[in-house]
Amino acid sequence: MAKPAPVSISAFDKAAALKLTPVSRETEARLDRYVDLLVAWQAKTNLIAPSTLPQLWTRHISDSLQLLDLAPNARRWLDFGSGGGFPGVVLACAMAEHPGASVQLVERIAKKAAFLREALRVTGALGSVVLADIGDYVDSLSEPVDCVTARAVAPLHMLLGFAAPLVQRGAKALFLKGQDVEAELTEATKYWNIEPLLHPSRTGGHGWIVELNKIERR
C-alpha cells in the first residue's frame with residue numbers, strides 16, 4: 001500500500017494567520033512545534049478534518065487566537081472537548097508568557113487526550129489535560145475559572161448547561177460557532193435566559209464567537 005503524501009503547511013497561510021492574530025516570536029515557535037506534532041499525529045489519528053489542513057493556520061490557529069482579545073485579563077481558562085487542541089492548546093501556547101496562567105483541556109477520548117498531553121509537553125505550554133466527560137468534570141470543579149471555551153463540541157444549548165455553573169461564579173464563556181449560530185441561539189433560548197454578544201470571526205467565512213456573561217435556566 002502506498003504511503004500517504006506528506007502534508008505541506010502553507011507559508012502563505014501562516015503569514016495570513018499571523019497578520020490576523022499577531023503573536024510574539026516565542027509563541028510562534030511554540031505554535032510551530034504544535035503544528036508539526038499535529039501533522040504527524042493526523043496521519044494516524046483524525047484530529048481535524050483533512051480538507052482543512054492546507055488552511056491549518058487560518059482555519060484553526062488564528063480562529064483560536066482571536067479569543068484572547070475578548071478576555072484580555074483571563075488567566076485561568078477551561079476548554080471543553082479539546083479534541084485536536086483548538087482552541088485549548090493554542091491558548092495555552094499564547095498564555096505561556098503570562099506567569100501563573102493555566103489552561104485546562106477536558107477531553108473524553110483517551111487517544112485525543114494523549115495527543116493533547118504530548119502537545120503541551122513539546123510546546124512547553126502552560127496547561128493540563130483532564131480525561132473526563134465535560135459534565136462530570138464541571139460538577140467536580142471547585143476552583144475558579146476566568147474563561148470557558150468550546151469549539152465544534154456540542155450544540156449551544158448543551159454547552160450552556162455545562163458552562164452555567166462556571167459563569168454563575170464569574171467566568172466568561174466564549175463559544176466558537178458556525179453559520180447556524182442563529183438557529184442554535186433560538187433553540188438555546190427555549191431553555192436558558194442569556195444575553196449573548198455575537199462577534200464575527202476574524203478569519204472570515206461564516207464563523208461567529210458567542211460571548212456570554214450570564215446564563216440562567218428558564
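The model is predicted, so local features need pLDDT of at least 70, side-chain atom pairs count only at pLDDT 80 or more, and totals for chains, interfaces and linings use all residues. Residues are numbered from 1 along each chain as its sequence is written, and side-chain values use heavy atoms, with hydrogens and water left out.

Start with the sheet. Seven strands form an open sheet with mixed pairing. Their order is β3-β2-β1-β4-β5-β8-β7. Strands here are DSSP runs of E with at least two residues, helices are runs of H or I with at least four, and both are numbered from the N terminus. Two strands pair if DSSP finds at least two bridges between them. The edges are β3 (127–131) and β7 (197–200), and each pairs on one side only. From one strand to the next, the twist averages 20 degrees.

Now look inside the sheet. Strand β1 (residues 76–80) runs parallel to strand β4 (residues 147–151), and four bridges join them. Across this pair, W77 stands opposite C147 in β4.

Next come the helices on the sheet. Helix α4 (residues 88–95) lies across β1, β2 (102–107) and β4. It runs at about 165 degrees to β2. Axes are lines fitted to C-alpha atoms, for helices over the stretch in contact, and angles run from 0 to 180 degrees between N-to-C directions. Helix α5 (residues 110–123) also packs on the sheet, where it touches β2 and β3. Its direction makes about 170 degrees with that of β3.

Another pair of helices packs together. The axes of α7 (residues 156–167) and α8 (residues 181–188) are 8 Å apart and meet at an angle of about 55 degrees. That makes α7 oblique to α8. Angles under 35 degrees count as roughly parallel, over 145 as roughly antiparallel, 65 to 115 as roughly perpendicular, and the rest as oblique. From α7, L156, H157 and L160 make the contact; from α8, E184, L185, E187 and A188 do. Contact means heavy atoms within 4.5 Å.

Finally, the cysteines. There are zero disulfides in the structure. A disulfide is a pair of cysteine sulfur atoms within 2.5 Å. C93 counts as buried because its relative accessibility is 0%. C147 is buried too, also at 0%. Buried means under 20% relative accessible area, exposed over 50%, and partly exposed in between (1.4 Å probe, protein chains only).
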